[in-house]
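Colleague: Could you walk me through this model? I'd like to begin with the overall picture and then go into a few details.

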Amino acid sequence: MSKYESEISRRRTFAIISHPDAGKTTLTEKFLLYGGAIAQAGVVKGKKNSRAATSDWMEIEKQRGISVTSSVMQFQYEGFCINILDTPGHQDFSEDTYRTLMAADSAVMVIDAAKGVEAQTRKLFKVCVMRDIPIFTFINKMDREARDPFELCEEIEKELGIDTYAVNWPIGCGKDFKGVYDRNKREIIHFTSNGGARQATAVEVGLDDPELDGLIGPAFRTQLQDDIELLDGASCDFDMERVRHGKLSPVFFGSALTNFGVEPFLEDFLRMTTPPLPRQAGEVIVDSMDDEFSAFVFKIQANMNKAHRDRIAFMRVVSGRFDADREVYHVQGGKKIKLSRPQQLMAAEREIIEEAYAGDIIGVFDPGIFSIGDTLCAPGKKFRFDPIPTFAPEHFRRVRPLDTMKRKQFLKGMEQIAQEGAIQIFKTPYTGMEEVIVGVVGTLQFDVLEYRLKNEYGVELYMEGLPYEYLRWIENDTGEPIKEEQLILGTDVKLVEDYKGNQLLLFASQWSIHWVQDKNKDLTLTEFGG
Ligand code: G4P
C-alpha cells in the first residue's frame, strides 16, 4: 500500500450526537486524552467562561459562553487518524448541526442511561438514517442509577427503528455498578472507580468461573447469567453488513466521567466503523482512493474574526490529497482557484495545514464565493457532488427593518446570511420583499441574525413570532406553481415560497399536517428540501 493509500485508509471521520447533558463532551474529551491530543480534561468544554477560549469566533459566543458552530477535532490513536465532528446541542442547535452529519462517515450516539432516547437524539438520528451511515450507541452514566438495559435497547429499537446488538452488558448500576460483560471476549471488565485513571481493570473471568462470585457477588452473577441467556436467545446476531448500512447499532454500556468502558468502546468502534466513504456526484461515484482531490463545502462560518469580516468555508475532502500549493477547480464558480489559509482544528487550536487527505475536514478562507454544497475538484474534472438537503426549520418569525429607509441593506443582509445557510427565508406569493418570513432550526439563530444585521449591516430588526412549527416542501414536477385555491388548507397552515421558487407549507402542528394530507390526497410533502 502506498503512503497515500495508507493515509486515507487510516482515517475515521465521525460525528457525536446526543441530547444535551448525555455526556457527549465528556466522552469526546476522554477520546482526545487517549489520543494525547489534550493533556488534561476540561479543554473541550471548560466552565461557561473558559469555554469561549475554544471558539471565540463571535462576540455572541463569548457573551453566552456557548459554541455557535460545530467544531471539528483531529487526533491520532493507535495508527488511526480520527476526525471528530461535534454537533452542538440546546438552543445553539442549528441547521449546521444537521449539515455536519453530511460530512461524517458514521455517528456515535451518546445516551443517558437514566433518560433513554431524548428529543435531540431523535432529530439527529433521522439524518443519520437518511444517509445510511453506521450508528454506534454508547449508553453513558452507568455509575448512576440507570434504567433497565433491556428496556433501553428496546426503546432505541422502537423509537429509532434500528436493531441493536449489545457488544457488552452492564452488571448493576449506580452504587452497585460492577462492570460490564464483554460478549465477544467472554470476559468481565470489572469496574473500579478511581477517578481520572486511564483504564479500569479488566479481569478475564468466564461466566462459569467460581471466581466471579468474589468479584461481583452471587446475586449479580445469577442476574448476569440470566441476562446473557436472554440476550443470546432474543437479540439479533451481530452482522457487520447491517452495521455498515446503519440497520444494526452496536451498543456499549459505560461511564464517560469515570473513564469506564471508553477505551474498549473506542477500540471496537474503530475496528467496526468505516474508512472514508465514497460520495455520489450525479451518475459518478467518487471514491476516497481516487487519486485526484475533491471536496464539498458543508458549512460556512462568517465573521470568525470581526476585524477582517472573514468567512471560513468548511469542506470535507472526499477523494485524494489536498495540497495547499495546488490550484483546484471550484465547479459552481466555474474558476480555478487556490484555497487560501487552509486550516484544521486540533482539539482547541486551529492550525494552518499544507496537506489533507480524503476523510479530513479543512476550513478555508472564503472571500464570498462559496455556498453550501459546492464542489471543489482537480482542474479538468467537472462533476458536482449531490446537493446537501435543506432541513425543515421549526421556528418562524416575520421580520422587517425597524427603519423602512434601510430596506436595501436589510435585503442584502438577509440574503447573504441565508446564502451562508444560517437561516432560511421565505415569502408569501402575495407580498413583496418588505417583509420576510425567517425559519430557523434552533432559536439562537434569531439572536445571531439580529446581532449580525445590526453589526454588519446597520439594520435594526422588528421580529414577530409566528405560530408555525413544521415545514414541508411541496413536491411538484408539473412546472406550474400550485395556487392556494387548489388546496384545502386549514386556518393554521400557510403557503410560502423559498427563494429558489420552491413552494412550501408551514404548519402549526403535526396534527394539521395529517389533516392537510388527508384532505389533499394528491399532494406530496417532504421533510428535506432539495
Ligand atoms: P453534553 O456534552 O452531552 O451536553 O454533556 P457533558 O459531557 O457536558 O455532561 C453533562 C454532565 O453529565 C456533566 O456534569 C458531566 O460531568 C456529567 N457526566 C458525563 N458523563 C458522566 C458519567 O458517565 N457519569 C456521571 N455520573 N456523570 C457524567 P455537570 O455537573 O453538568 O457539568 P460539570 O460541572 O461536571 O462540567
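Modeller: A residue is called buried here if 20 or more other C-beta atoms lie within 10 Å of its own. By that criterion 43% of the 530 residues of the chain are buried, and please keep in mind that this is a predicted model.

Colleague: OK, and how many helices and strands are there in the chain?

Modeller: The chain has 14 helices and 33 strands. Among its contacts with a separation of 6 or more, 70% are between residues 24 or more positions apart.

Colleague: Let's turn to the ligand. Which residues are the closest to it?

Modeller: The closest are Gly23, Lys24, Thr25, Thr26 and Leu257, out of 17 residues that surround the ligand. Helix H2, which covers residues 24–34, gives the most to this shell, with three residues.

Colleague: And what is the shell like by class?

Modeller: The shell around the ligand comprises seven polar, six charged and four nonpolar residues.

Colleague: Changing topic, in what order do the eight strands of the open sheet come?

Modeller: The order is E28-E25-E27-E26-E30-E31-E29-E32, with antiparallel pairing. Strand E28 (461–466) and strand E32 (524–526) each have a single partner strand, so they stand at the edges and one side of each is left without a neighbour in the sheet. From one strand to the next, the twist averages 40°.

Colleague: How many bridges join E25 to E28?

Modeller: Six bridges join them, with strand E25 (residues 395–401) running antiparallel to E28.

Colleague: One more region: which strands does E8 pair with?

Modeller: Strand E8 (residues 179–182) is joined to strand E7 (residues 168–171) by four bridges, and the two run antiparallel. E8 also pairs with strand E9 (residues 187–190) in the antiparallel sense, over four bridges.

Technical notes: Residues are numbered from 1 along each chain as its sequence is written. This is a predicted model: local features need pLDDT of at least 70, side-chain atom pairs count only at pLDDT 80 or more; totals for chains, interfaces and linings use all residues. A residue is buried if 20 or more other C-beta atoms lie within 10 Å of its own, exposed if 12 or fewer, and partly exposed in between; C-beta atoms are placed from the backbone. Two residues are in contact if their C-beta atoms, placed from the backbone, lie within 7 Å. Two strands pair if DSSP finds at least two bridges between them. A residue is near a molecule or strand if its C-beta atom, placed from the backbone, lies within 6 Å of it. Ala, Val, Leu, Ile, Met, Phe, Trp, Tyr, Cys and Pro count as nonpolar, Asp, Glu, Lys and Arg as charged, and the others, Gly among them, as polar. Axes are lines fitted to C-alpha atoms, for helices over the stretch in contact, and angles run from 0 to 180 degrees between N-to-C directions.
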